[in-house]
Amino acid sequence: MSSLTIDKLKFKAVKIKEYGIGFIQVKLSEDQVMNFYTDQIPKFSNVESPHNHQRHFKSQILNGTLYENVYQVDQNGDQVAYCGCGNTDKEINSKFSILGNYNKIYKTNDIYFRNKSIFHSVYADNDTVTLVTKMGKDKHDAIVLSDKIEHMESKLTIEELWDIVENILKRNYVPDII
């Protein structure tokens with residue numbers, strides 16, 4: 001299998017952006033994104049808040065190592081929660097508590113599935129690349145467990161984001177599976 005090129009990725013891409021949490025996201029379709037984890041972008045936090053997702057998803061590690069914390073959460077507690085679906089300033093009426101967690105490590109070629117209701121957080125080694133495929137059409141509001149929600153406008157241009165992604169592709173073998 002050949003290595004993914006920046007030209008093919010740009011051709012397939014719908015959008016590129018970063019969220020201030022350590023990765024650049026390239027949207028390929030409504031159901032698929034690639035995440036490029038890098039230490040070359042500013043982050044507002046070194047720790048991602050526990051959160052769930054709007055849809056079930058499958059994540060394939062194309063290069064590198066991803067670390068996941070999976071949380072057991074109860075909807076009776078004192079942890080503030082926010083909507084994680086575009087309106088991240090909206091506090092949710094429910095309060096949560098984290099009852100426990102376990103850690104998983106995924107390496108190149110590993111695939112994991114995550115139910116949309118499960119809370120987790122992830123971080124990755126520099127140059128880790130993942131392909132995330134959203135599954136099913138049934139959506140619900142995602143929830144972020146945090147004392148406050150940080151916002152960070154990207155200080156990088158779209159061209160600078162593409163340059164970082166191109167350098168990750170040049171330094172690493174990323175299979176062309178898109």
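In what order do the elements of the protein chain run from the N terminus on? The order is α-β-β-β-β-β-β-β-β-β-β-β-α, which amounts to two helices and 11 strands. Helices (H or I, at least four residues) and strands (E, at least two) are DSSP runs, numbered from the N terminus.

This is a predicted model, in which local features need pLDDT of at least 70, side-chain atom pairs count only at pLDDT 80 or more, and totals for chains, interfaces and linings use all residues. Residues are numbered from 1 along each chain as its sequence is written, and side-chain values use heavy atoms, with hydrogens and water left out.

**Overall form**

The C-alpha trace of the protein chain spans about 50 × 30 × 30 Å along its principal axes. The radius of gyration of the protein chain is 16 Å, in agreement with the value near 16 Å for a compact globule of 178 residues. That radius is taken over C-alpha atoms, and the globule rule is 2.2 Å times the number of residues to the power 0.38.

Of the 178 residues, 44% count as buried. Buried means under 20% relative accessible area, exposed means over 50%, and partly exposed lies in between (1.4 Å probe, protein chains only). The protein chain exposes about 9700 Å², of which carbon and sulfur atoms supply 47%; the areas come from the Shrake-Rupley method with a 1.4 Å probe.

Among the contacts with a separation of 6 or more, 77% are between residues 24 or more positions apart. Contact means heavy atoms within 4.5 Å.

**Nonpolar cores**

A nonpolar core is a set of buried Ala, Val, Leu, Ile, Met, Phe, Trp, Tyr and Cys residues joined through side-chain atoms within 4.5 Å. The largest such core has 21 residues, and those with the most contacts inside it are L9, I24, M34, F36, V165 and L169. At least two residues of this core come from each of α1 (6–12), β2 (23–27), β3 (32–37), β10 (129–135) and α2 (158–171). Helix α2 gives the most, with six residues. A second, separate core of 10 residues includes F23, V33, Y106 and V122.

Leaving aside neighbours within four places in sequence, L169 is in contact with L4, T5, I6, L9, F36 and V174.

**Individual residues**

S59 is found in strand β4. Apart from neighbours within four places in sequence, S59 is in contact with D110, I111, Y112, T130, L131 and V132.

Q54 has its place in the loop between β3 and β4 (56–63). Q54 and K137 are 83 residues apart in sequence, while their C-alpha atoms are 9.5 Å apart in space.

Most residues other than glycine have a negative phi. Phi of N109 is near 80°, a positive value, and N109 sits in the loop between β7 (96–107) and β8 (111–114). Phi of D127 is also positive, near 75°; D127 lies in the loop between β9 (119–124) and β10.

| Residue | Relative accessibility | Class |
|---|---|---|
| S59 | 2% relative accessibility | buried |
| D127 | 8% relative accessibility | buried |
| Q54 | 29% relative accessibility | partly exposed |
| N109 | 57% relative accessibility | exposed |
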